[in-house]
Amino acid sequence: MTRWVLAAVSGDPGGHPVPPAIRGHGLLVRFLRQPGAVVGTLLVAVFAAMALAGPRLQPYDPLEPSDANLLGPSRARPMGTDELGRDVFSQFLSGAQVSLLFAFGAAGASLAIGVLVGALSGSHRGWVDDLLSRAMDIFLIIPRLFLIILLVAMFGSNLWIALLVVGGTMWPANARLMRAQVLAVGAREFVAAALASGVPGTRVLTRHVVPNALDPVLANVTLQMAYAALTEASLSFLGLGDPNRPSWGRIIASGQQYVLSAWWMVVFPGLALALLLLALHLVGDGLAAALNPRMGSRVR
Amino acid sequence: MTGRYVLRRVLQIVPVVVALVVLNFLIITAAPGDPARAIAGEDAPADYLQGVRERYGLDRPVPVRLAAYMRQLARGDFGYSFAHNRPVLTLIGERLPRTLLLTLTALLLAAVVGTMLGAFSATRFGTWTDTVLSGATLVFYTLPVFWMALLVILVFGLWLRLLPTSGLMSVGFSGGGWALVLDRLRHLVLPVGTLTFYLLPTYFRLTRGSMIQVLGEEYITVARSKGLAPRTVYVRHALRNALLPTLTVIGVSVGTVMTGSLLTETVFSYTGLGRLMYEGVFKRDYPLMMGIFFFISVGVVSASLLTDIVYAWVDPRVRYD
């Protein structure tokens, strides 16, 4: 369990069922009123643009070695070269793609599985709920990075396997939030009214309960985006990254042994990673505050 | 608190441990390639692999293999690490004290300082002090710990040159007594400091959040209007109640602490359990990685159990049913 998930499941932000949110216009206004959230959103947009434009901006082939090894930053090579003479800036742009892929892909998978399992668990009391809740408990408590390392080491350091493993181990926090929300929303009058007017149960769940229960899960998913990008970087740093895809964690790992002579390999990708994580947290905190009217009054 | 409550909570660990064993087994079974190699690691010799195939009944049906795997773990046999030429459990036992020294020191520092800073920040809510403290801790909260560790090495190894940046002790150090203790301590400063800054923001944020909430309660207003000194109100009335969530998190954060320790130990070449895991990854030493994963998982589960019991003992509102 990461310290970020820890905060989410131990009650802050949004560990408790949040009162049904005021959606739409008011939500956006409350979100945009927080300078941190706006800065975070802009930063994420910049990184996304960088990842999308990535290959077109690369001045060199990121995997092509040259004689110019461990060159410091210069006009021709803004982030210097690595120990094999490969251009760090070109690798850096590839790394942005990998980080954003994990942020959106793994967190997206975690959102989908979490919503599905949580809705199922919250709407089917009895043994289905018991079984799913137990599974969530166990997955939430085991040290996740260790499990991810084990799985990636055994199943292969491939980008897509790692993406699957990270997304596939993150969903229990979302499922637990979703379950609590489904229980809270399911007890409200409009659900009883829909059921009484003859709308089938499944339709009530998908059309009425889930959309009204989704908000705190979405706030948590923003934090999971940061966690997914961080996990990818940690895996690559530990030598479990995809050998064919330069990533920020891998540049930092190869820079580690030259940290005292070639600081640029460690500093630039690390700074980008730190900024991306900070930005995603600002967005997540802003979203949580905008969704929770009681907290919202405290937001300046 | 009743003994029955404690016993019932202890028994709840059993299914979790069984689930962990099954999870480990499923990973071995589902991994691509030779399952004997998944059990023994990439460095295992061929005759040992043959022995593994027979002992684990790898040509037998899955339930039989699971039973054999469980019997083996129940005997305390976590396999053999060929990369280190030692049983996995022995290796873990050797490295554990170093990791405990590192993590417990950092955890204690982070919890105490983080809680105090968080409570202080909450009493300054809405002022510049609070804004600066919250902003600074948010940065440390999101900073990747391995990068933070490398920056520390950059600053201390390149510019300040005050403290050693790797290892447990100086190479070729021959002094004894206090000189030896001092040398060990000097090597601990940077890893402990890094891990402390990694853990501190969690306690800061939690304490600040719950303290702000508590300070809005009516009984605080009552205490204030009785004319009690602000210090008394903050410490006696507010902080004591605000500490409960922090207490819970210290117990369940063992997994987080170990994750931080894995990356910190890796960067500082601090040869504890985390660095052992890294070496396992490097050599594809599967029994070692599995043993550490299992060992840490059981530790995390036990710590959360202990927290529940302590919590029920501290907070009279928790019912034992």
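How many Å separate the centres of domain 1 of chain B and domain 2 of chain B, taken over C-alpha atoms? The model is a predicted one, and in it the two centres are 33 Å apart. According to the domain assignment, domain 1 of chain B covers residues 3-74 and domain 2 of chain B covers residues 94-314.

The two domains touch. Domain 1 of chain B brings 21 residues to the contact, and domain 2 of chain B brings 15 residues. The size of an interface is often given as the accessible area lost when the parts come together. For these two domains of chain B that area is about 1500 Å², with 75% of it from carbon and sulfur atoms. On the side of domain 1, Arg9(B), Leu20(B) and Asn24(B) supply 31% of the area buried against domain 2, more than any other three residues. Arg9(B) also takes part in a salt bridge: its side chain meets that of Asp308(B), with 2.3 Å from N to O. Across the interface of the two domains, one salt bridge is found.

The next topic is the cavities. The whole structure has seven of 30 Å³ or more. Helices H2 (13-30), H3 (35-40), H5 (62-74) and H14 (286-314) of chain B each supply at least two residues of the lining. H14(B) gives the most, with four residues. Sorted by class, the lining of the second largest cavity holds ten nonpolar residues, four polar residues and one charged residue.

Chain B also meets chain A. Here 58 residues of chain B are in contact with 45 residues of chain A. The two chains bury about 4800 Å² between them, and 77% of this lies on carbon and sulfur atoms. In chain B, the residues that lose the most area to chain A are Tyr141(B), Phe146(B) and Trp147(B), which together make up 13% of what that side buries. Which residue of chain A forms a salt bridge with Arg205(B)? The partner is Asp285(A), and the closest N and O atoms of the pair are 3.4 Å apart. Between chain B and chain A, one salt bridge is found.

Definitions and conventions
Residues are numbered from 1 along each chain as its sequence is written. Chains are lettered from A and ligands numbered from 1 in the order in which they are written. This is a predicted model: local features need pLDDT of at least 70, side-chain atom pairs count only at pLDDT 80 or more; totals for chains, interfaces and linings use all residues. Side-chain values use heavy atoms; hydrogens and water are left out. On a 1 Å grid over the protein atoms alone, a cavity is a set of points where a 1.4 Å probe fits but cannot get out, and a pocket is an open set with protein on both sides within 12 Å along at least five of seven lines; lining residues have an atom within 4 Å of a point. Grid points are joined across faces, edges and corners, and a volume is the space filled by probe spheres set on the points. Ala, Val, Leu, Ile, Met, Phe, Trp, Tyr, Cys and Pro count as nonpolar, Asp, Glu, Lys and Arg as charged, and the others, Gly among them, as polar. Contact means heavy atoms within 4.5 Å. Buried area is the accessible area (1.4 Å probe) that two parts lose on being put together, summed over both. A salt bridge is a side-chain nitrogen of Lys or Arg within 4 Å of a carboxyl oxygen of Asp or Glu. Domain bounds come from an automatic or database domain assignment.
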